Amino acid sequence: MYLTLKMIHVSFAILSIAGFVLRGAWMFSHSSNLRRRVVRVGPHIIDTAFLISGIWLVFLLHLTVREQAWLIAKIVALIVYIVFGAIALRWGKTVQIRGTAFIVALLTYLYIVGVALQKSPASWIAFFGS
Ligand code: HEM
């Protein structure tokens, strides 16, 4: 059960970032694909299922958010990823703002993957310590 759920969680994580990069590419190339219904609704379904899988794992492993610094780091960074993702794809007024937000969102995502693998808020830096 745990391994299946973790596999589902990681698959959604890959789908989420792949969808984000694709929509980013379509936005910068002014593609009409962005207006398709499936492109507008799909990411919400993927991200909701993704979040549920993460919360489910937290319950399955009996983790407490207060005790797990890496979990707090992950959740906070997820919010940062969502906000900068929204600036990049929706709210940003200029191409510069959207482009910068896009890169910040990607870097935040990279940080979260490091946190997930290392189970440490130090993320990728923790690799050097272990
Ligand atoms: C962009 C956001 C996220 C990414 C990229 C991500 C990525 C990952 C990855 C790659 C793993 C597998 C780590 C391993 O091999 O052990 C994992 C595990 C896990 N994730 Fe996430 N995750 C994200 C968001 C979340 C959120 C929001 C939660 C909780 C609300 C969460 C909870 C967990 C838990 C509990 C595990 C299992 C840890 C363990 O095996 O001990 N994740 N995540």
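A crossing of two helices is termed left-handed if the near helix is turned anticlockwise from the far one by less than a right angle. The legends below refer to a predicted model.

**View 1. Packing of helix H1 (residues 2–28) against helix H3 (residues 69–91).** The two axes lie 10 Å apart at an angle of about 30 degrees. Angles under 35 degrees count as roughly parallel, and H1 and H3 are therefore roughly parallel to each other. Their crossing is left-handed. H1 contributes Phe-20, Arg-23, Gly-24 and Met-27 to the contact, while H3 contributes Gly-85, Ala-88 and Leu-89. By class, these residues comprise 4 nonpolar, 2 polar and 1 charged.

**View 2. Packing of H3 against H4.** The axes of H3 and H4 come within 8 Å and cross at roughly 160 degrees; the two helices are therefore roughly antiparallel to each other. The crossing of H3 with H4 is left-handed. Among the contacting residues of H3 are Trp-70, Lys-74, Leu-78 and Ile-87, and H4 meets them with a set including Ile-97, Arg-98, Thr-108 and Ala-116. The contact of H3 with H4 divides into 19 nonpolar, 2 polar and 2 charged residues.

**View 3. The largest nonpolar core.** This core has 11 residues in all, including Phe-20, Ala-73, Tyr-81, Phe-84, Tyr-109 and Val-115. H3 and helix H4 (95–118) each supply at least two residues of the core, and H4 gives the most, with 6 residues.

**View 4. Surroundings of Ala-101.** Leaving aside residues up to four places away in sequence, Ala-101 touches Phe-84, Ile-87, Ala-88 and Gly-92. Ala-101, Phe-84 and Ala-88 also belong to the largest nonpolar core.

Notes
Residues numbered from 1 in each chain as written. Predicted model: local features only at pLDDT ≥ 70, side-chain atom pairs only at ≥ 80, totals over all residues. Axes fitted to C-alpha atoms, helices over the stretch in contact; angles between N-to-C directions. Helix = DSSP H or I, 4+ residues; strand = E, 2+ residues; numbered from the N terminus. Parallel < 35°, antiparallel > 145°, perpendicular 65-115°, else oblique. Contact = placed C-beta atoms within 7 Å. Nonpolar A, V, L, I, M, F, W, Y, C, P; charged D, E, K, R; others polar. Core = buried A, V, L, I, M, F, W, Y, C linked by C-beta atoms within 7 Å. Buried ≥ 20, exposed ≤ 12 C-beta atoms within 10 Å, placed from the backbone.
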